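I opened this model to go through its chains, their contact and a few local details. My entries are kept in the order in which I looked things up.

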Amino acid sequence: MKNTIKYLTPVILVIALTGIISGTNQDVRQPISFNHKLHTEEVGLACVDCHSNVEKHSRALIPNIETCGDCHDDAEDENREKAKVGSYVSRNEKIPWIQIHVVPDHAYFSHRRHVTLAKIECQTCHGEVSEMERPFIIPFVELEMSWCINCHEKSKVVNDCNSCHR
Amino acid sequence: MARWGMVIDLNKCTGCAECVTACKVENNVAVVGKDESEMGRTMLWMDILTHYEGEYPNTKVRYLPRPCLQCDNPPCTKVCPVRATYLDPEGIVAQIFPQCIGCRYCMAACPYTVKSFNWYEPHWPQEMAAALNPDVSARPAGVVEKCTFCVHRLQKAKEQADSENRELQDNEYIPACAEDCPTQAISFGDLDSPHSEVSELIRSPRIFTLLEELGTEPKVYYLSEIE
């Protein structure tokens, strides 16, 4: 009996974890299984090659067919995920990415401010993206106001309501 | 630190209402229907008050553009139970929309009636909905709103100046009404900077503020008409 439990526990854990992962997966499923690790480490692209506005504007931008089309246009590719990209590209149709990190319209967040001026690494706010083989399902941190305020307090940045709200 | 203020020259104002339109578009101010409007639910952050003088045919019409007067001693902030409205460090009477509980005390306290209440979920005619300004939130029903001196423009202007490693320059931050006025009747800037246009204008003998006797100390000044 003891042994059965010993051997079964990992199995149960795996089943439970798969349940959790696939459960959250269903909440938000990206149209294509995008692989950050492959595109940054193997293809050698930099974050800003795809998220082209991240240094100069408030929005980073999620790249779409204009960017992907440079390298993928085969809708018949035997790799199903690549074929999907090719198909969007050849149909000239936008890939309907779902934005995972979102602040509401009444708050002002700017990437230029944090990436270029404050020189904060992407990882601080988004995690080890270059190790991710699957697309984003949930944000790396809950983007609550206290998260912004706490870092601002530590970094001695203004926390006046009117500097963020609009 | 700057102290933002505005001077409106009534001698230059023609009452064309370009400022009203510019403001409404810039700030995603909701459009209400005719019936709601008749109930006094029109939403305007910048309004033009009209005043008729004399007997026909010797009449004269006077116009007075009226944004939030951004008082240095604001009656509205004192009655807010949740500090959704307060005087910010640069003299702007802030209105933090998600903090507002819709009690409307501030509306009752404002002697200039500059605040509007969102009776309805925001709504725009189809043609306008696509043209909403992404830099400004759409206020939900149940929230009080008013002119913010286009504070979203200040947020962006500061970031631009910081990214070029310099101070904010004169006229780099101006609200939409001042920018769009075709007769340049509206000046805007730092009242504490000795050489800004506004600080020079407020030394004019024509200067006055609305309901001065209340002690609200508005930072929106007017230059009287030259008769």
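The entries below start with conventions, then take up each topic in turn.

**Conventions.** I worked on a predicted model, in which local features need pLDDT of at least 70 and side-chain atom pairs count only at pLDDT 80 or more, while totals for chains, interfaces and linings use all residues. Residues are numbered from 1 along each chain as its sequence is written, chains are lettered from A and ligands numbered from 1 in the order in which they are written, and side-chain values use heavy atoms, with hydrogens and water left out.

**Chain A.** I looked up the secondary structure, taking helices (H or I, at least four residues) and strands (E, at least two) as DSSP runs numbered from the N terminus. Chain A has nine helices and zero strands. I then checked burial, where buried means under 20% relative accessible area, exposed over 50% and partly exposed in between (1.4 Å probe, protein chains only). Of the 166 residues in chain A, 23% are buried. For contacts I used heavy atoms within 4.5 Å. Among the contacts in chain A with a separation of 6 or more, 64% are between residues 24 or more positions apart.

**Interface.** I found 14 residues of chain A and 22 residues of chain B in the contact. Buried area is the accessible area (1.4 Å probe) that two parts lose on being put together, summed over both. For chains A and B this is about 1700 Å², with 48% of it on carbon and sulfur atoms. On the chain A side, A:Arg112, A:Asn162 and A:Arg166 lose the most area to chain B, together 41% of what that side buries.

I next listed polar contacts, meaning pairs of N or O atoms within 3.5 Å; within protein, one must be able to donate a hydrogen and the other to accept it, and residues adjacent in sequence count only if both atoms are side-chain atoms. The rule finds 17 residue pairs in polar contact across the interface, both residues at pLDDT 80 or more. Helix 6 (111-117) and helix 9 (161-164) of chain A each supply at least two residues of the side that touches chain B. Helix 9 gives the most, with four residues. I sorted the residues on this side into four nonpolar, five polar and five charged, with Ala, Val, Leu, Ile, Met, Phe, Trp, Tyr, Cys and Pro as nonpolar, Asp, Glu, Lys and Arg as charged, and the others, Gly among them, as polar.

**Salt bridges.** My rule was a side-chain nitrogen of Lys or Arg within 4 Å of a carboxyl oxygen of Asp or Glu. It gives 24 salt bridges over all chains, and two across the interface of chain A and chain B. A:Arg113 pairs with B:Asp162, with the closest N and O atoms 2.6 Å apart.

B:Lys158 is partly exposed at 32% relative accessible area, whereas B:Glu90 is buried at 11%. B:Arg139 and B:Glu145 form another salt bridge, at 2.7 Å between the closest N and O atoms, and both residues are buried.

**Sheet in chain B.** I counted two strands as paired if DSSP finds at least two bridges between them. An open sheet of four strands has the order 8-1-10-9, with mixed pairing. Strand 8 (186-190) and strand 9 are at the edges, each with a single partner strand, so one side of each has no neighbour in the sheet.

Strand 1 (residues 4-9) runs parallel to strand 10, joined by four bridges, and B:Met6 stands opposite B:Val220. Strand 1 also pairs with strand 8, antiparallel, over five bridges. Strand 9 (residues 207-208) and strand 10 are antiparallel over two bridges, with B:Phe208 opposite B:Tyr222. Which residues cover the faces of strand 10 (residues 220-223)? B:Val220 and B:Tyr222 are on one side, B:Tyr221 and B:Leu223 on the other, and all are buried.

**Backbone.** A cis peptide bond joins B:Tyr56 and B:Pro57, with omega about 5°. B:Pro57 is in the loop between strand 2 (47-53) and strand 3 (60-66) of chain B. A:Asn92, not a glycine, has a positive phi of about 55°, and A:Asn92 is exposed at 65% relative accessible area.
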